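Subject: Structure for you to look at

Hello,

Here is the structure I said I would pass on.

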Amino acid sequence: MTQVMQTPSLSPDTSSLTCGELLVQWLAYYGVETVFGIPGVHTVELYRGLPSTNIRHVTPRHEQGAGFMADGYYRASGKVGVCFIITGPGMTNIMTAMAQALADSIPMLVISSVNKVKDTGSGEGHLHELHDQQGMVSKVALASKTIWQPESLPKVIAEAFAMFDGARPGPVHIQLPIDVITADASHVAKPPNNDNSVASLARPQVTRPLPNPAQLDLIIEQLNRAKNPVLLYGGGCVDVDQDAQKLAERIDAPTFLTINAKGLLPPSHPLSLGSNQSLEAGRAVISEADVVLAIGTELGETDYDVFFNGEFQINGTLIRIDCDAQQLQRPFRADIAVLSDAQMAISGLCTRLEDHQLNHQAAARVTEAKQALIKAMTPDFAGQNALLQLIRDEVEDVIFVGDSTQPVYSGNLGFEARATRRWFNSSTGFGTLGYGLPAAIGAMIGSSAPVISLIGDGGIQFTIAELICAAELELPLIVLLWNNQGYGEIRRYMEEGGLPLIGVNIKTPNFEPLATGFGAGYRRITDKQQLLEALQTDISGKQPMVYEVNESDAFLSKMSQDFTYFG
């Protein structure tokens, strides 16, 4: 006998405003423009109110893709990405994306259902039931909250956006039992609108802490006494204005940018050493510094020790400025620790140095380090970065969204972005595979800028189904597929370590018919001029394009001669 699964009854208790509808109103009030999600029987009532707002819904093909899209959406636009996710498997699917966002301080609001109030945690085998969904998700989020009754909704939403705005951001999870989603909320506080007396009030803004003026004065004293200071900018400075460049010039210090801070200084700036703090020449500049001023950076190994050899050292006085009090003392203990918003601290330091720019003869040290970096670069490194530079210079305002793949590793060191939010990838922090494609889709939705997804033939197999989402949305996304016939980077690691090559020489698909099947175009790129002509045609098209490049292609070796470090 065939069994028919009985879906839960989701009919609203009343024809008046439901909690799910009110939730959507509050999201619109907080400026949410896009929601990523896959409707399920436990979440369909969250969708009832969407047509009455301007919120756009995007349907990925997997909940992990939803999370990565929300991540890329924020990194490109600065706007919080929101996801609607079903109970149980939907939440386990998105947890990898949440962990990546947590590692890289990316605000993401994940709203999910959970079983009915009386059934939550019962262990009675209800559809999508987990033993403790909130406890599980809390491990990859800043916070996980349950709305047990409609009256709590405005407060819980406000708490989430306060965490995004007022401290080091990250993912926040809010879950609603399915019978709370459909419960009457007509009596619950509603967001201000144009029809009431408080319409002129902007939504509440929670700001990060301001710097202690006495501590800024102390920093200036240290910089005045310093002989060879160094400045380190991190992803926490991504939205700092021109004061970032101004501060580097007034201190007269060699300046490094973490991967997520690329673009904060112009590529050819005479004080910039780019993101080369993991290379020997860059490390020497930092280890020899008598004062290191680190702003908005966690000083983690995925930015400062990408070869994982433990040789990154800070020997001078360490001054740290960060909005996270705990991060101020890890992994390096700060001698001067300032809890502050990066922009306000940098502005305060610039003001104090307005009448007396320091002279540390930094340009000479930077030039010497650049020469050492150029001397040490390999042809493969130069060829991959030349490819990236070519695309950057051909496509105005292009955003590169990367996976964990060889051109990304090279670009993390040698590539220079022309503005912030133009280069990011998953090799920092959590380091997940499969990020590059869905995050690029989110970036294109959030910014409307041209986007290049950098992903390998191994990594794309994690999330290739999202290609049809890009086709559905008619996004002219360029997927630069780096094919090295398997997990090439891990294969090299095994070879160098004398390990047996097990599990890395996987079968590679034929990507041309695969791309066509997902509604995308395909090009096998074998020549520099061919690439330029393809970009001119495809970047303004109406379908995603897969550009397959083989690691062994001869044109990459020829292009290595075109690479200009810090160009």
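In what order do the six strands of the open sheet lie? Before the answer, please note that this is a predicted model. The order is 2-1-3-4-6-5, and the pairing is parallel. Strand 2 (56-58) and strand 5 (143-146) are at the edges; each has a single partner strand, so one side of each has no neighbour in the sheet. From one strand to the next, the twist averages 25°.

Within this sheet, strand 1 (residues 34-37) pairs with strand 3 (residues 81-85) in the parallel sense, over three bridges. To find the pairing on screen, look for V35, which stands opposite V82 in strand 3. Helix 2 (residues 63-77) packs on the sheet and touches strand 1, strand 2, strand 3 and strand 4 (108-114). The direction of helix 2 makes about 165° with that of strand 3.

H173 is found in strand 6 (residues 171-177). Is H173 buried or exposed? H173 has a relative accessible area of 0%, and buried means under 20%, so H173 counts as buried. The side chain of H173 makes a polar contact of 2.7 Å with the side chain of S144. Leaving out residues up to four places away in sequence, H173 also touches a set of residues that includes M91, M98, V110, Q133 and K145.

In soluble globular proteins, nonpolar side chains tend to be buried together. The largest nonpolar core here has 54 residues, and L232, F400 and I452 touch the most other members. Helix 13 (residues 379-394) gives the most to this core, with seven residues. Apart from neighbours within four places in sequence, L232 is in contact with several residues, among them F256, I286, L293, I295 and Y304. A second, separate core has 52 residues, including A70, I85, A470 and L475.

Last, a pair of helices. Helix 1 (residues 19-29) and helix 5 (residues 153-166) have axes that come within 10 Å and cross at roughly 35°. The crossing of helix 1 past helix 5 is right-handed. Which residues make the contact between helix 1 and helix 5? Helix 1 supplies C19, L22, L23, W26 and L27, while helix 5 supplies L153, P154 and I157.

Regards

How values were computed:
Residues numbered from 1 in each chain as written. Predicted model: local features only at pLDDT ≥ 70, side-chain atom pairs only at ≥ 80, totals over all residues. Heavy atoms only, no water. Helix = DSSP H or I, 4+ residues; strand = E, 2+ residues; numbered from the N terminus. Buried < 20%, exposed > 50% of the residue type's maximum accessible area, 1.4 Å probe, protein only. Polar contact = N/O pair within 3.5 Å; in protein donor to acceptor, adjacent residues only side chain to side chain. Contact = heavy atoms within 4.5 Å. Pairing = 2+ DSSP bridges. Axes fitted to C-alpha atoms, helices over the stretch in contact; angles between N-to-C directions. Core = buried A, V, L, I, M, F, W, Y, C linked by side-chain atoms within 4.5 Å. Left-handed = near helix turned anticlockwise from the far one by under 90°.
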